[in-house]
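Here is a short report on one protein. Look over the sequence and the fold first, then read on.

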Amino acid sequence: MVVSMLSNLELLLRVPLFSMLTGEQANLVAQAVSKRRVKRGETIVEQGRKTNALFILLSGRCRVVTTDTRGREVIIATLRPADCIGEMSLIDSEPHSATVLAEVQTDVLMLGRAEFDRCVADNPQMARAVMTGLVKRLRRADQKIESLALMDVYGRVAHALLEQASTDAAGVLQIRDKISRQDIAKMVGASREMVSRVMKDLEERGYIETQESGAIHIKERLTSLA
């Protein structure tokens, strides 16, 4: 998608969250949203602060992280186009529970609180779509908590790899974007050294295969560990 060449209305209609708006509502929202380009490494929302806005990813990729008082970082999730940022804070008026950083150059649409509230109040279908998105996020959080509490490091690494993977046109399950051992460690709550040992063992045992490009091919049998 060439974001800069599309109007706000055209961009809105490509986002599932806004696809159920009437023509009049979509035009009103299109006048209220603004496009923003976020550089790699830039913060979109910050843990403990409020932005009073909803952000919708149009292109790129972001990571959701939390940090404790000692500066230790945990990666909670990876966000991709059509995902939303900041809706929880808009609903309960509390500060953001996590920080969202752009992993690559990312384009977003930004919608302010007043316009968001009006959209939700005027369109029950949109309110339901927001709730559905939040429920999906809660289910993913439950799964992550379960894996951290009940699985060993092998299981947690397998679960994290499968969560990051997608199926390509040839039907191969893979992680296309290069992912570091340090990032996996932050996802599973283990040391980088431990994750490196587990990844090496998974490679040797034929559960995964790392390509020269950094992409990781996931073998179906990895699901038996997750």
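Four strands build an open sheet, in the order β1-β8-β3-β6, with antiparallel pairing. Its edge strands are β1 (34-38) and β6 (84-85), each of which pairs on one side only. Two strands count as paired if DSSP finds at least two bridges between them. Strand β3 (residues 53-59) pairs with β6 in the antiparallel sense over two bridges. Here Phe 55 stands opposite Ile 85 in β6. In general, strands of a sheet pair through backbone hydrogen bonds, either parallel or antiparallel.

This is a predicted model: local features need pLDDT of at least 70, side-chain atom pairs count only at pLDDT 80 or more, and totals for chains, interfaces and linings use all residues. Residues are numbered from 1 along each chain as its sequence is written, and side-chain values use heavy atoms, leaving out hydrogens and water.

Now the whole protein. Its secondary structure comes to eight helices and 12 strands. Helices (H or I, at least four residues) and strands (E, at least two) are DSSP runs, numbered from the N terminus. The radius of gyration is 19 Å, close to the 17 Å that the globule rule gives for 226 residues, so the protein is as compact as a globular protein of that length. That radius is taken over C-alpha atoms, and the rule is 2.2 Å times the number of residues to the power 0.38.

| Property of the protein | Value |
|---|---|
| Box filled by the C-alpha atoms, along the principal axes | roughly 60 × 45 × 30 Å |
| Accessible surface (Shrake-Rupley method, 1.4 Å probe) | about 12500 Å² |
| Share of that surface from carbon and sulfur atoms | 50% |
| Buried share of the 226 residues | 39% |

Buried means under 20% relative accessible area, exposed over 50%, and partly exposed in between (1.4 Å probe, protein chains only). Contact means heavy atoms within 4.5 Å. Among contacts with a separation of 6 or more, 65% come from residues 24 or more positions apart.

Next, helix α7 (residues 181-188). Asp 183, Ile 184, Ala 185, Met 187 and Val 188 are buried there. What do the buried residues of α7 pack against? Their partners are β4 (62-67), β5 (73-79), α5 (124-150), α6 (153-164) and α8 (192-204). Just after α7, Gly 189 takes a positive phi of about 70 degrees.

Helix α6 holds His 159. Is His 159 buried or exposed? His 159 is buried, with a relative accessible area of 18%. Not counting residues up to four places away in sequence, His 159 touches Gln 143, Ser 147, Met 151 and Ala 226.
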